[in-house]
Amino acid sequence: MGLFDGNKKTCDLCGEKMGLLGGIFSSEDLADGKTICGSCRGKCTPGELKFSAMTLDDVKANIAVAEANKKKGAAEFKATQKIKKGAYRGNDFVDIDANHGWFMNADEKDGWVYSLDDVYYFNLDLDYAPLEEGQGFEVRTEDYPELPKIPQGVRVTDAKLVIWLTDNELAVSKVEIRAAGYSPDEGDIRGAFAAAHDFFLALKDYRASKVPAGKH
Ligand SMILES: [Zn+2]
C-alpha cells in the first residue's frame, strides 16, 4: 500500500482514480464540488478557464466545443494561404483559410482553429541583447510600418507574433507564434519581419473582402 492508495480521489467526469501520475496535481476542483482529473482537463479548450467557477456540465460543454474545434481543423480547414517564416521563408508559420475566415498556428500544428474576426490587435514581440562588435544588421523597417522598429545598439534574440483575440469559444485571449528560431541570425529575423508582415496583409485582405458592396 502506497501512501496515497487509501484515499485516491476519483474523477467525476471519466471515473478514473487520480493517482500521482493520473493527474492529482493537475486536477481541478469545480464550483459544484466535483473534481476532474488532469487528463480530462487536457481535453478542454486551451484558454484561461476558471474551473472554480465552472460546473461539471460547463466542463462537458467546454470539451464539446474543444472537440468540435479540433474536428473543424482536421476536416474543414483548407488553407488559402500558408505564410512561411525563416531566412528562406521555408518554415511553417501561420495558415490562413480566408474562405472560412480562420487561421491556425502552423508552427506548433496544435490543431486549434481561430477566427480572423476575433483578432483585434497583433504585434511582433521582440527580445534584445546588447550589440557586440561586428554584429548588427538592418531590417528595412520602412517596409513594415505596422511592426516595431529595432532600436539602435541591440540585436534581436527572439521574435514572436502575438495575436490578441476578443471573447471566443476557445477562451484564448492571445495566440503566440514563434516567428524566429532559437538564437536567430540575421536572415531569420528578416524572415520573422516578412512573415509577420504577411500576416498583417492577409488580415487586411480578409477585412477588405468583408466590406459589404456599396461601401467601397
Ligand atoms: Zn477524468
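## Basis of the description

Because the structure is a predicted model, local features are reported only at pLDDT of at least 70 and side-chain atom pairs count only at pLDDT 80 or more, while totals for chains, interfaces and linings use all residues. Residues are numbered from 1 along each chain as its sequence is written.

## Domains

The chain is divided into domain 1, residues 5-74, and domain 2, residues 81-209, with bounds that come from an automatic or database domain assignment. Between the C-alpha centres of domain 1 and domain 2 the distance is 32 Å. Eleven residues of domain 1 are in contact with nine residues of domain 2, where contact requires that the C-beta atoms of two residues, placed from the backbone, lie within 7 Å. On the side of domain 1 that touches domain 2, the residues comprise four nonpolar, four polar and three charged; in this division Ala, Val, Leu, Ile, Met, Phe, Trp, Tyr, Cys and Pro count as nonpolar, Asp, Glu, Lys and Arg as charged, and the others, Gly among them, as polar.

Four strands form an open sheet in the order β5-β6-β7-β8, with antiparallel pairing. Strands (E, at least two residues) and helices (H or I, at least four residues) are DSSP runs numbered from the N terminus, and two strands pair if DSSP finds at least two bridges between them. The edge strands are β5 (81-85) and β8 (114-115), each of which pairs on one side only. Strand β5 is joined to the antiparallel β6 (residues 91-97) by five bridges, and Lys84 has Asp92 in β6 as its bridge partner.

Helix α3 (residues 186-209) lies across β5 and β6 and runs at about 160 degrees to β5; the axes are lines fitted to C-alpha atoms, for helices over the stretch in contact, and the angles run from 0 to 180 degrees between N-to-C directions.

## The three-stranded sheet

A further open sheet, of three strands, has the order β9-β10-β11 with antiparallel pairing. Strands β9 and β11 stand at its edges, each with a single partner strand, so one side of each has no neighbour in the sheet. The twist averages 25 degrees from one strand to the next. Five bridges join β10 to the antiparallel β11, and the bridge partner of Val162 in β11 is Glu176.

## Nonpolar cores

A nonpolar core is a set of buried Ala, Val, Leu, Ile, Met, Phe, Trp, Tyr and Cys residues joined through C-beta atoms within 7 Å, and a residue is buried if 20 or more other C-beta atoms lie within 10 Å of its own, exposed if 12 or fewer, and partly exposed in between. The largest core has 33 residues, and Leu124, Ala159, Leu161, Ala179, Ala192, Ala195 and Ala196 have the most contacts inside it. Two or more residues each come from β6, β7, β9 (119-130), β10 (154-165), β11 and α3, and the largest share, eight residues, comes from α3.

Not counting residues up to four places away in sequence, Ala195 touches Ile83, Lys84, Lys85, Phe93 and Ala179. Another core, of nine residues, lies apart from the largest one and includes Cys11, Ile36, Cys37 and Ala66.

## Loop residues with positive phi

Most residues other than glycine have a negative phi. Lys109, in the loop between β7 (102-105) and β8, has a positive phi near 45 degrees, and Lys109 counts as exposed because it has 11 C-beta neighbours inside 10 Å. Ser183, in the loop between β11 (174-178) and α3, also has a positive phi, near 45 degrees, and is exposed, with 8 other C-beta atoms within 10 Å.
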